[in-house]
Amino acid sequence: MIYLIGGPPRVGKSTLARMLLDRDRIPGCSTDTLVSMLQNAAPHHGVRHGTHPDKAELAQPFLIEFLRAVADGIGEEPEPSECYVVEGDIVTPAVAAAAAGLGLPVAAVFLGNTTLTVDDLRIAPHWLEGADDATYCRTAAWITERSAIVRDACVPTGQVYIEMGGNHTEGLERAYAAL
């Protein structure tokens with residue numbers, strides 16, 4: 001099984017992936033690696049880091065091919081050691097639906113935080129280290145906006161969306177249970 005975890009930055013995707021590794025010994029990777037490789041080795045495709053809205057769409061064909069390669073290494077009834085986690089902001093409900101439509105063994109959960117505040121972002125200052133208040137405000141607004149977009153995209157595809165605002169630990173446990 002390939003466990004897909006998607007959503008905007010700072011909502012808990014990496015933490016959930018670590019939970020799967022710690023509890024179930026399921027390895028995985030962040031899609032940041034794929035984005036970095038495409039940005040550096042094939043810049044003509046336009047896939048690059050950042051908060052631009054076309055990032056996930058441009059990366060989708062490459063992510064689907066990566067998921068196909070991962071699926072090739074998974075047996076019919078995989079042991080946890082044969083499962084894999086892929087997490088990142090380019091994992092979208094459209095990617096999960098496309099992968100499932102290709103018959104790939106995927107389970108997906110999407111995280112978001114539509115109530116994120118600037119103070120919430122300041123909890124992890126290394127992420128925006130040295131940024132001014134305006135950058136924090138714009139980033140919090142962007143994350144809440146992207147969270148709502150992901151939430152709304154989950155509805156027609158039947159994907160699971162977990163709201164992480166409020167009790168973060170409880171949200172992570174619900175997401176873990178959903179996978």
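What is the handedness of the crossing of α3 and α4? In this predicted model, the crossing of these two helices is right-handed.

Helix α3 covers residues 55-72 and helix α4 covers residues 93-101. Their axes lie 10 Å apart, and the helices pack at an angle of about 45°. Angles under 35 degrees count as roughly parallel and those from 65 to 115 as roughly perpendicular, so α3 is oblique to α4. On the α3 side, the contact involves Gln60, Leu63, Ile64 and Leu67. These meet Ala94, Val95, Ala98 and Ala99 of α4. Of the residues in this contact, seven are nonpolar and one is polar, while no charged residue takes part.

The next element to look at is the sheet. Strands of a sheet pair through backbone hydrogen bonds, either parallel or antiparallel. Here five strands form an open sheet with parallel pairing, and their order is β2-β3-β1-β4-β5. At the edges are β2 (28-30) and β5 (160-163), each of which pairs on one side only. On average, neighbouring strands are turned by 20° against each other, direction ignored.

Cys29 has Val86 in β3 as its bridge partner. Helix α2, residues 31-41, packs on the sheet and touches both β2 and β3. The direction of α2 makes about 55° with that of β2.

Helix α4 also packs on the sheet, where it touches β1 (2-6) and β4 (106-112). The direction of α4 makes about 175° with that of β4.

How values were computed. Residues are numbered from 1 along each chain as its sequence is written. This is a predicted model: local features need pLDDT of at least 70, side-chain atom pairs count only at pLDDT 80 or more; totals for chains, interfaces and linings use all residues. Side-chain values use heavy atoms; hydrogens and water are left out. Axes are lines fitted to C-alpha atoms, for helices over the stretch in contact, and angles run from 0 to 180 degrees between N-to-C directions. Helices (H or I, at least four residues) and strands (E, at least two) are DSSP runs, numbered from the N terminus. Angles under 35 degrees count as roughly parallel, over 145 as roughly antiparallel, 65 to 115 as roughly perpendicular and the rest as oblique. A crossing is left-handed if the near helix is turned anticlockwise from the far one by less than a right angle, and right-handed if clockwise. Contact means heavy atoms within 4.5 Å. Ala, Val, Leu, Ile, Met, Phe, Trp, Tyr, Cys and Pro count as nonpolar, Asp, Glu, Lys and Arg as charged, and the others, Gly among them, as polar. Two strands pair if DSSP finds at least two bridges between them.
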